[in-house]
Amino acid sequence: MWDLVIVGAGPVGLAAAIEAKRASLNAVVLEKGTIVHTLYRWPKETVFFSEAKNIEIGGHPFPSLSAKPTRREALQYYRRVAENEALDIRTYTEVTRIQPQSEHFMVGYRDRDGEGQLKSRFVLVATGYYDNPNRLSVPGEELPHVRYGLDETLPYWNQQVVVVGGSNSAVEAALELYRGGAQVSVVHHGAEIRPRVKYWLKPDFENRVREGAIRLLLQARIVEITPREVVVEQGAGSTLRLPSDFVLIYIGYKAVDNLLRAAQVAYRGDAPVLSEAYETSIRGLFVAGSAGFGSDTRTVFIENGREHAQRAVQQIADRLKGSNLHTTSPRQA
């Protein structure tokens, strides 16, 4: 019997594991990919919007060459923190179900050896959202040249690329593609690029549009994608066809919450009902980070996700302390 199973080894899941260790809980982290798998999948040249001090976990200082760290620096930082804390992390172990029992949970998983399960008094889900991008739901979206992220710009050199969206990620991708030699068109349903686009990106993007280096279509929606074109509806029923070798979609994300839904957690709208300690309607099942916020992913970051983890684990520790139910030897479970 474990005290706590944490689902997800991103920065928020690692923060929860550190809090659990310091509260003397027997905790294990299950992660379907590598440690901080989401950050690993980010574009290789990503620079964080947050300052390094704001994404530290466990009180470990984050050394960075500049105020805003790079993806590479973040990968090294979180790996070293996990090593220094000697956290029990089982990578390439995908959680397949969370089954509430009378006094505990059965957590099913799948790894390279097959199916298995763990018994735990509490579960905390920190699965994030990066694996669940919003979709246009238009004909042709399943074509192989349609992507939901940008790794490197070289494959798009001398290609006609349509970027869909009007927030930070879309604007940043459009600028990187333009500077990587792509011919870029941006399609956004709003009347303007979102006002909250980062202050160092917005004027750069607007200047590129003004000089004609990037084409911007506002109040426009893609209604169909073909192998060589996108069909765009703009204005009162008028349509145009944009040549496109690739389509990159940046219209937000939704929380990866299939485990919560399968466990029959109560929802309000598209987000689970949570207590002040981020406990779901099922006693003992907690969330931390964007996993508990449905489509409202723009308001949840590593900064406040750390706080969710701290509050949830403190509640778990207090409850275990009051019941005197600490497990003494989880590795023999």
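E233 stands opposite T239 in strand 13. Strands here are DSSP runs of E, at least two residues long, and helices are runs of H or I, at least four long, numbered from the N terminus. This is a predicted model, where local features need pLDDT of at least 70, side-chain atom pairs count only at pLDDT 80 or more, and totals for chains, interfaces and linings use all residues. Residues are numbered from 1 along each chain as its sequence is written, and side-chain values use heavy atoms, without hydrogens and water.

Strand 12 (residues 229-234) pairs with strand 13 in the antiparallel sense, over six bridges. Pairing takes at least two DSSP bridges. Three strands make up an open, antiparallel sheet in the order 11-12-13. Its edges are strand 11 (220-225) and strand 13 (238-243). The twist averages 30° from one strand to the next.

Now turn to the largest nonpolar core. A core is a set of buried Ala, Val, Leu, Ile, Met, Phe, Trp, Tyr and Cys residues joined through side-chain atoms within 4.5 Å. Buried means under 20% relative accessible area, with a 1.4 Å probe and protein chains only. The largest core has 41 residues, and L4, L14, I57, Y78 and L124 touch the most other members. Helix 1 (11-22) and helix 7 (302-323) are among the elements that each supply at least two of its residues.

How do these two helices meet? They pack at an angle of about 35°, with axes 8 Å apart. Axes are lines fitted to C-alpha atoms over the stretch in contact, and angles run from 0 to 180 degrees between N-to-C directions.

Note on methods
Buried < 20%, exposed > 50% of the residue type's maximum accessible area, 1.4 Å probe, protein only.
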